[in-house]
Amino acid sequence: MDDLWGAFVQAIHLIVSRDPDVMDIAWRSLWIAAASTAICVVVCLPLGSLIHFNRFRGKHLLLSLLQTLFSMPTVVVGLFVYIMVSHSGPLGMLNLVFTPTAMVIGQTILIIPMMLGLVISAFSGVDKAVMETATSLGANRLQAYTVNIKEAKFPMMTAVAMGFGRAISEVGASMIIGGNIVGYTMTLTTGINRYIQMGDLEQAFALGVILMFMALLINIAIYLLQKRRQYVWFPS
Amino acid sequence: MKKFGLYFLTFVMIASIAITCFACSSKEETSTGGNVLPKETRIRLATTTSLYDTGLWSLLEPLYEEEYGVELDILYAGSGVAFEYGRNCDIDVLTIHSKADELQFIADGYGMERIPFAYNHFVIVGPADDPAGIAGMSPEEAFATLAEQQDSKFISRYDKSGTHTKEKAIWAAAGYNYSDIESSGDWYVKAVQGMAPTLLMADEVGGYTLSDIGTFLANQGDLVSLVDSGSIMLNVYSVIAINSSKCTSMSSASVAGANDMVEFLTSDEVQELIDNYGAEQYGQSLFTACYGNEPTE
C-alpha cells in the first residue's frame, strides 16, 4: 500500500509541478488519439451513412464483421501496421516506421470498426419518418443525410468519445508501431510499460493516474451525454 | 442548460488540450515544429535493455546528440527484437550482447563490424538464505544443482535476449539439453520479460535467476549475488553499424550517424565515462571499458 500511496503522491506532484517530460508525454498521447479520432469521424460519417441508408448484398455480414472487429486486439493491428511500414515492407519507402504519424495510422485502423459500428447504430435510432419527411420536402441525398446526422448527434458524440477513449488507452499498437522512443513516440500507455520494464513502478503508476484522470473526464462526458439523451431535463 | 453534456464534452477536450499546451508551450513549438520544418536527422539505435535499465543511455544520449547535432532515437529491446529491427532495416546501429547472434547477423550481411566497447559479468542471484545452497559454486554446478533439486524456482528471461542466450549456453556447458530443461516442470519459470521485471519476479517468489551485474545492482530488491565467477559469465557489449549496402533505404546521414556512434562509443572520453559509470551510486562501476578490443579473461 505504501507503494501505491507514494505513487499517487508522485502523480499529483508531477501534475501540479507540470513536469516537462510528463506533460510532453501526456500531450503526445492526447494529440495522437485526437488526430486518429478526427480522421475516423471524417471517414465514418459518410461511410456510415452510405451503409445504413443503402440496401446491398452482404450488409448483415458486414455489420457482424464490424461488430467482431470492435474487440480487435491492439497488438494485431500494431503488428500489421509495423509490417506494412517497416523498411522491408510494402510502404517502407515512406519512412514512417517508429514515427507518431505511423501511430496515428495504427490507432485509426484500430478504432474505425468501432466508430463505424456506433455511427450506424446511431443512425438506426433515428425515426425513419425523418428521412421520408426530408425527402418529401425536396431534400437531396446529401441534405437528407445531414438532417439524419443532426438528429443523431448525441449518440454520434458518444461514438466519438468511445473511439477517443479506445485510442488513448491502447498500448499494443503504439508500442509496436512507435517503438516507444523517449521524447518522440512514447505515450502515456507505452511509457507505463517502459517504466515497469525498468523497475520504476512509482513513475509507471504516476503516468497511470494521469491517464485515468483523462479517461475519467471523458467518461463523465459520455455519461452526461447519454443522460441527456434519455431524459429531458428541462421540458420546454 | 439543455446542451450541458455537449458543452461539457467540448469543455473537457479544449481544457485538457489547453492545459497540456500551456504546460509545455515552449517545448511544443520545437516538437510539433519538427514535423513541419525540414526534418532534422534522426539516428535510430536499438539497444539491449540492460544498457538502458542501468541508466547508461540516459547519460550518453545528450552527449551524442550535442556532439553530432542529430536526434538520437533509442529503441529499447531485447537482443532478439533488436536483431529483427536490424534485419528489417528499421534501425541504423545497435548495441547488444549476444556474440554468436552478432556474428551470424554480420555473416548474413546486415551488420558491418562487431566492435566491443564494454564488458561486465553475469551473476546468478537468489534469496539471501539460498535454499538450494549454490553460493560459491561454479555457474555450471549451480545450474546442475537447481535442475536436480527442482525445489527452488528458476526464473528465465525466455525472450531471446542476450541474457537468455547466455542462460542456454550455461545449461549446455552444464551438460543439459535445453529442451529438456524448459519442459521439466513448474520450477523453471518462463518470464518473457525484461531483466528488471524478471528480477522483481525472482524476488517475489524467492527464486533464482541469471542477470547482468549492472541491471542486478540497479534492481536488487532482497536478492543477493550467489555465483559471480567463471569464464562463461563474461558479458561483452558491442556496437554494430547496419550495412547500408544491404539496407539501401539508409540515407547518407543515417550511415554517417551510425559510424559516428561507433566512433563516439569507442572514443577515450566516452570509454572513461563508461568505465566509471555507477561507481558512486553502487560502490562499484557497472562496466569495464574495452576500447574496441575483445576482452580476454
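The largest nonpolar core here has 136 residues, and the ones with the most contacts inside it are A:M115, A:V119, B:L45, B:L75 and B:V93. A nonpolar core is a set of buried Ala, Val, Leu, Ile, Met, Phe, Trp, Tyr and Cys residues joined through C-beta atoms within 7 Å. Buried means that 20 or more other C-beta atoms lie within 10 Å of a residue's own; with 12 or fewer it is exposed, in between it is partly exposed, and the C-beta atoms are placed from the backbone. Bear in mind that this is a predicted model, where local features need pLDDT of at least 70, side-chain atom pairs count only at pLDDT 80 or more, and totals for chains, interfaces and linings use all residues. Residues are numbered from 1 along each chain as its sequence is written, with chains lettered from A and ligands numbered from 1 in the order in which they are written.

- Take B:L75: setting aside neighbours within four places in sequence, it is in contact with A:F98, A:G179 and A:I181 from chain A, plus B:R44, B:L45, B:A46, B:Y85 and B:I91 from chain B. Two residues are in contact if their C-beta atoms, placed from the backbone, lie within 7 Å.

**Chain A overall**

- Chain A has 11 helices and zero strands. Helices (H or I, at least four residues) and strands (E, at least two) are DSSP runs, numbered from the N terminus.
- Its C-alpha trace spans about 65 × 55 × 25 Å along the principal axes.
- Of the 236 residues in chain A, 45% are buried.
- For contacts in chain A between residues at least 6 apart in sequence, 75% join residues at least 24 apart.

**Spots to look at in chain A**

- Helix α10 (residues 188–197) of chain A is mostly covered, with eight of its 10 residues buried. Among them are A:L188, A:I192, A:R194 and A:Q197.
- Just after α10(A), A:G199 takes a positive phi of about 85°.
- A:F98, which touches B:L75, sits in the loop between α4 and α5 of chain A. Its phi is near 60°, a positive value in a residue other than glycine, and A:F98 counts as buried because it has 25 C-beta neighbours inside 10 Å.
- A:N180 also has a positive phi, near 60°, and isn't a glycine. You'll find A:N180 in the loop between α9 (172–178) and α10 of chain A, buried with 24 other C-beta atoms within 10 Å.

- Mean pLDDT for chain A is 88, and 95% of its residues reach 70 or more. pLDDT is the predictor's confidence in each residue, from 0 to 100.
- Among the elements of chain A, helix α1 (residues 2–16) has the lowest mean pLDDT (79) and helix α4 (residues 74–85) the highest (96).
- Over residues 232–236 of chain A the pLDDT is below 50, and this stretch has four contacts in the model beyond near neighbours in sequence. Where pLDDT is low, predicted coordinates should not be read in detail.

**Chain B and its two domains**

- Chain B comes to 14 helices and 10 strands, and 42% of its 297 residues count as buried.
- The centres of domain 1 and domain 2 of chain B, taken over C-alpha atoms, are 27 Å apart. The bounds come from an automatic or database domain assignment.
- Across the boundary, 18 residues of domain 1 of chain B are in contact with 15 residues of domain 2 of chain B.
- On the domain 1 side that touches domain 2, α3(B) gives the most, with three residues.

**Strand β7 of chain B**

- Five of the five residues of β7(B) (residues 208–212) are buried, so the strand is largely enclosed by the rest of the structure.
- Both faces are covered: B:Y208, B:L210 and B:D212 lie on one side, B:T209 and B:S211 on the other.
- Strand β4 (residues 115–127) of chain B pairs with β7(B) in the antiparallel sense over four bridges, and B:V125 stands opposite B:T209. Strands pair if DSSP finds at least two bridges between them.
- Strand β5 (residues 154–156) of chain B runs parallel to β7(B), joined by two bridges, with B:F154 partnering B:Y208.
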